[in-house]
Amino acid sequence: IRRVEFDQWMLDRADVEVHYHKVVQIEHTDAGYFIDSRFYAPYLVGAGGTHCPVRRTIFPRKHSERANDLIITKEEEFAYDYPDKRPHIWFFENGLPGYAWYFPKKSGMLNVGIGATAKKLKAQGDTLEQHWISLLRRLNNTGLVSQHNFKPAGYSYFLNRNSKSTRKGTAFLIGDALGLATRDMGEGIRPAISSGIIAAEAIISGQPYDLTTIPRYSFPSLLGLRR
């Protein structure tokens with residue numbers, strides 16, 4: 001499923017009024033949280049990824065956390081008459097400390113991308129752009145993608161499973177805002193969904209916000225092995 005379709009499905013399922021607003025200031029008082037003097041809530045969940053304003057304001061990142069693994073990616077999803085319906089994943093091509101992918105989706109959509117550990121890339125004297133160019137060359141040479149003018153978007157997020165700053169009072173962090181992506185594949189969707197559910201249950205029932213049930217690795221969980 002495409003991310004935009006999944007996001008819309010969740011909003012439709014929630015059946016609530018939605019406001020699109022770029023957060024500038026968050027004020028925390030004894031009464032709750034005020035967003036730009038426009039919105040108020042007794043609970044606050046930070047789900048804005050690496051640059052989440054909730055994370056930045058209420059859970060400032062410590063130096064030790066900033067030094068953790070930073071994953072950088074390039075990817076594009078576009079309409080394409082793809083010749084091969086099978087997904088392809090290339091690990092460690094040309095020394096890349098990560099992997100690249102070709103992932104066909106329904107309705108003629110194709111997702112192409114690459115991701116790597118920033119620290120290891122820098123240590124090798126490489127850049128993600130160099131590996132992106134190599135990926136495009138492979139796609140063209142194999143006939144998987146040709147005559148497409150790529151306009152990729154760049155994303156970055158931290159892997160920070162050791163953070164103890166998961167909750168402060170009635171404020172919570174989930175997903176990439178907390179750095180919950182898996183250690184081996186950098187998979188963030190499943191941990192984001194799981195942490196969101198756990199945060200919701202903590203708000204509703206008052207139970208502890210415990211994230212220990214979320215797998216740290218993609219492969220062991222896929223193989224049915226222990227965490």
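Tyr99 is buried, because its relative accessible area is 17%; buried means under 20% relative accessible area, exposed means over 50%, and partly exposed lies in between (1.4 Å probe, protein chains only). The model is a predicted one, in which local features need pLDDT of at least 70 and side-chain atom pairs count only at pLDDT 80 or more, while totals for chains, interfaces and linings use all residues. Residues are numbered from 1 along each chain as its sequence is written, and side-chain values use heavy atoms, with hydrogens and water left out.

**Aromatic pairs**

A search of the whole structure finds nine aromatic pairs. Rings of Phe, Tyr and Trp (its six-membered ring) pair if their centres lie within 6.5 Å; planes under 30 degrees apart count as stacked, over 60 as edge-to-face and the rest as tilted. Two of the pairs are set out below.

| Ring pair | Distance of centres | Angle of planes | Class |
|---|---|---|---|
| Phe91 and Tyr99 | 5.5 Å | 45 degrees | tilted |
| Phe172 and Tyr209 | 5.2 Å | 85 degrees | edge-to-face |

Phe91 counts as partly exposed because its relative accessibility is 34%. Phe172 and Tyr209 are both buried. Phe172 lies in strand β11 and Tyr209 in the loop between α6 and α7 (218–222), so this pair ties together parts that are 37 residues apart in sequence. Helices (H or I, at least four residues) and strands (E, at least two) are DSSP runs, numbered from the N terminus. Elsewhere, ring pairs link Phe78, Tyr80, Trp132 and Phe150 into a cluster.

**Helix α6**

Helix α6 comprises 17 residues (189–205), and at 1.5 Å a residue it should span 24 Å; its end C-alpha atoms are 24 Å apart, which agrees. The expected span is 1.5 Å times one less than the number of residues. Within α6, Pro191, Ser195, Ile198, Ala199 and Ala202 are buried. Seen down the axis, these buried residues fall within an arc of 100 degrees, so they line one face of the helix; the arc is that of the directions from the helix axis to the C-beta atoms. The buried residues of α6 pack against β10 (167–168) and β11 (171–173), where contact means heavy atoms within 4.5 Å. Just after α6, Gly206 takes a positive phi of about 80 degrees.

Strand β8 (residues 109–117) is largely enclosed by the rest of the structure, because nine of its nine residues are buried. In a regular strand the side chains alternate between the two faces of the sheet. In β8, Met109, Asn111, Gly113, Gly115 and Thr117 point one way, and Leu110, Val112, Ile114 and Ala116 point the other way.

Strand β5 (residues 70–79) runs antiparallel to β8 and is joined to it by nine bridges. Strand β7 (residues 98–105) is also antiparallel to β8, with eight bridges; two strands pair if DSSP finds at least two bridges between them. In the hairpin of β7 and β8, three residues lie between the strands, and Ser107 takes a positive phi near 60 degrees. Phe103 stands opposite Asn111 of β8, and Asn111 is also the bridge partner of Glu77.

**Glu77**

Glu77 belongs to strand β5 and is partly exposed, with a relative accessible area of 24%. The side chain of Glu77 makes a polar contact of 3.0 Å with the side chain of Lys105 and one of 3.0 Å with that of Asn111. A polar contact is a pair of N or O atoms within 3.5 Å; within protein, one must be able to donate a hydrogen and the other to accept it, and residues adjacent in sequence count only if both atoms are side-chain atoms.
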